Amino acid sequence: MEPFRGLALASALQALFATGVYDELEHGEARPAALAEALHLDEERTIAVLQFLAVEDVVAFAPAGAVGLTPRGRAYGEFRAWYAMMVGGYANVLATLAESMAAGASPTARRGEWVALGSAGVDVHSSMTLIRRLVARLPAPPRLVLDVGCGSPRYLGAICAELGCRGIGVEPDPAAFEAGRRQLEGSDGTVRIVRGSAQDCIAALDIVPDVVLTAFVLHEVLGQSGEDGVRRYLRDVFAAAPAAHLLVIEPDLRQDDPSVMRHGYARAFYNGYYLVHPFTGQRLAPREYWEELFRSESLTVVAGGTTDPDIDSTGLELGWLLRAAPGQ
Ligand SMILES: C[S@@+](CC[C@H](N)C(=O)[O-])C[C@H]1O[C@@H](n2cnc3c(N)ncnc32)[C@H](O)[C@@H]1O
């Protein structure tokens, strides 16, 4: 029965994060009724989640009835972005695997705003170190970064703050775009978000970015428009901005490699992450596939690498800094 326990535990943790109960409890103990009232929650259901999590040693009830986070509960906080992405964003995909396995079934819709929010949180923690190493190889600091498939503008915002440049994020998912737009309301305009996709934004935008970031998005284009669509995107980028650098981040598809998949983080995260992709119209690919595609498009790999091993020691998060070959 352990797998069933994991399903309920992951769902209850995401409920704690998503409702704001976790944030309240980080500040100190509270009575469930007060939590429910402050956060506009149903009291009986709030207690049901808290009692479940008390059995799991995530929260503990004091004799007077107040509830607080346990040390174990506090430790989960570091991973809330993973819960946002995989539970908030993909739980419905996992819950409908059987129906979606039917021949001819359509891709399942994810919850785009949670995928975007979670992905940005995971990236700020992990691939940011890789991005830093790759941008250090740029010939000059960029003035404008175009982030195609930005999800939440949080990741782009962090990159622009580090590099001291402007950023434009492009996002096709309506809910993720709307959440991003709200997030940027009242900001200084250094980072903007526009609605669009890799397939159409380069022609529509009429800008000349120095860096085009495409993080965890080429496999979306591959799933939606096939390899021709990815090739068209790469050509569009360098036709619009011949001197630009393209920064690609992609996961390496190594699910059939036991030497990688016995790794604890590969089993805890990547195995489930790999699972949801074919159900949502995305097509992941191994390192060799991407490198051959870049080579066949005559792109020069200025630098490549993986996320720092002290953050993700699986080596499954790949990055390339690409530019058009001279004379292209
Ligand atoms: C895994 S998220 C990555 C988000 C962000 N780049 C990051 O690294 O945090 C993939 C994003 O690509 C977006 N997306 C899906 N299809 C796309 C397309 N055809 N063009 C651009 N973005 C797309 C999704 O809506 C989602 O926000």
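Let's start with a side-chain pair: T214 and Y233 make a polar contact of 2.7 Å through their side chains. Polar contact here means a pair of N or O atoms within 3.5 Å; within protein, one must be able to donate a hydrogen and the other to accept it, and residues adjacent in sequence count only if both atoms are side-chain atoms. Before going on, note that this is a predicted model, where local features need pLDDT of at least 70 and side-chain atom pairs count only at pLDDT 80 or more, while totals for chains, interfaces and linings use all residues. Numbering runs from 1 along each chain as its sequence is written, and side-chain values use heavy atoms, with hydrogens and water left out.

Back to T214. T214 is buried at 0% relative accessible area, where buried means under 20%, exposed over 50% and partly exposed in between (1.4 Å probe, protein chains only). Setting aside neighbours within four places in sequence, T214 has V148, Y233, L246, L247, V248 and I249 in contact, that is, with heavy atoms within 4.5 Å.

Now zoom out to the sheet. β6 belongs to an open sheet of seven strands, ordered β5-β4-β3-β6-β7-β9-β8 with mixed pairing; strands pair if DSSP finds at least two bridges between them. At the edges sit β5 (191–195) and β8 (299–306), each pairing on one side only. From one strand to the next, the twist averages 20 degrees. β8 and β9 (residues 317–324) run antiparallel and are joined by seven bridges, with T306 opposite L318 in β9.

Across β3 (144–148), β6, β7 (245–251), β8 and β9 lies helix α14, at about 165 degrees to β7. Axes are lines fitted to C-alpha atoms, for helices over the stretch in contact, and angles run from 0 to 180 degrees between N-to-C directions. The helix spans residues 218–240 and includes R231. R231 is buried, with 17% relative accessible area, and its side chain makes a 2.7 Å polar contact with that of E297.

What about disulfides? The count is zero, taking a disulfide as a pair of cysteine sulfur atoms within 2.5 Å. C160 is in no disulfide either, the nearest cysteine sulfur, that of C165, being 4.0 Å away. Both C150, at 8% relative accessible area, and C160, at 4%, are buried.

Technical notes
Helix = DSSP H or I, 4+ residues; strand = E, 2+ residues; numbered from the N terminus.
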